[in-house]
Amino acid sequence: MSFDTSIMATKYCFLLATIAFTAYTQLVTKWQLVLHGDVPAGWINQLQYYIVFLRNPWIISCFLAVLLMAFSWVMTLSEMPLNYAYPVYLSSVLVIISVSSFFLFGESLPYHRLVGIGVIICGLVIGFGRQ
């Protein structure tokens, strides 16, 4: 691998890490909310609910993932134009979360949303296939 190819691979690794950390935090948070149950009525019960929830090791791992995501995003932006990196990041996260939430949590993924995901993927390939 040449030096230029190595630099290009590194900047894409930071972008992929940003996408992965973001997806991780969203999916793990949803998973833990499902396991934790509904938010109770009454502000004291809600406060207790959130204190217990925020002390959950999985949620603490999400805080760490957010910090790592911020670091990888800064590294991404130091190597890529914002008008390239942000649409790729946002579109990729949208596709990953939509599909993953369907399989992991049984959330709906109606036909029109599948078409939208297909359009997003086509847009990524056509508009952002090469920097």
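Is Gln32 buried or exposed? Gln32 is buried, with a relative accessible area of 6%. Buried here means under 20% relative accessible area, exposed over 50%, and partly exposed in between, with a 1.4 Å probe and protein chains only.

This is a predicted model, in which local features need pLDDT of at least 70 and side-chain atom pairs count only at pLDDT 80 or more, while totals for chains, interfaces and linings use all residues. Residues are numbered from 1 along each chain as its sequence is written, and side-chain values use heavy atoms, with hydrogens and water left out.

**Gln32 and its partners**

Gln32 lies in helix α1. Helices are DSSP runs (H or I, at least four residues), numbered from the N terminus. Not counting residues up to four places away in sequence, Gln32 touches Phe53, Asn56, Trp58 and Ile59. Contact means heavy atoms within 4.5 Å. The side chains of Gln32 and Asn56 are joined by a polar contact of 2.6 Å. A polar contact is a pair of N or O atoms within 3.5 Å; within protein, one must be able to donate a hydrogen and the other to accept it, and residues adjacent in sequence count only if both atoms are side-chain atoms. Trp58 is 26 residues from Gln32 along the chain, and their C-alpha atoms are separated by 7.5 Å.

| Residue | Helix | Relative accessible area |
|---|---|---|
| Gln32 | α1 | 6% |
| Ser72 | α3 | 2% |
| Thr76 | α3 | 0% |
| Ser92 | α4 | 16% |

Helix α3 covers residues 57-79 and holds Ser72. Leaving aside neighbours within four places in sequence, Ser72 is in contact with Phe14, Ala17, Thr18 and Phe21.

Thr76 lies in helix α3 too. With neighbours within four places in sequence left aside, Thr76 is in contact with Lys11, Phe14, Leu15, Thr18 and Ala85. A polar atom of the Thr76 side chain lies 3.1 Å from the backbone nitrogen of Leu15.

**The nonpolar core**

What makes up the largest nonpolar core? Its 10 residues are Leu15, Ile19, Trp73, Met80, Tyr84, Ala85, Val88, Tyr89, Val93 and Leu124. Elements giving two or more residues to this core are α1 and α4. The largest share, five residues, comes from α4. A nonpolar core is a set of buried Ala, Val, Leu, Ile, Met, Phe, Trp, Tyr and Cys residues joined through side-chain atoms within 4.5 Å. In soluble globular proteins, nonpolar side chains tend to be buried together.

**The largest pocket**

The largest pocket holds about 160 Å³ of space. A pocket is an open set of points on a 1 Å grid over the protein atoms alone, where a 1.4 Å probe fits, with protein on both sides within 12 Å along at least five of seven lines; lining residues have an atom within 4 Å of a point. The lining consists of Tyr12, Leu15, Leu16, Ile19, Tyr84, Val88, Ser92, Leu124 and Phe128. Two or more lining residues come from each of α1 (3-36), α4 (82-105) and α5 (111-128). α1 gives the most, with four residues. The lining divides into eight nonpolar residues, one polar and no charged.

Ser92 belongs to this lining. Leaving aside neighbours within four places in sequence, Ser92 is in contact with Ile19 and Leu124.

Methods
Grid points are joined across faces, edges and corners, and a volume is the space filled by probe spheres set on the points. Ala, Val, Leu, Ile, Met, Phe, Trp, Tyr, Cys and Pro count as nonpolar, Asp, Glu, Lys and Arg as charged, and the others, Gly among them, as polar.
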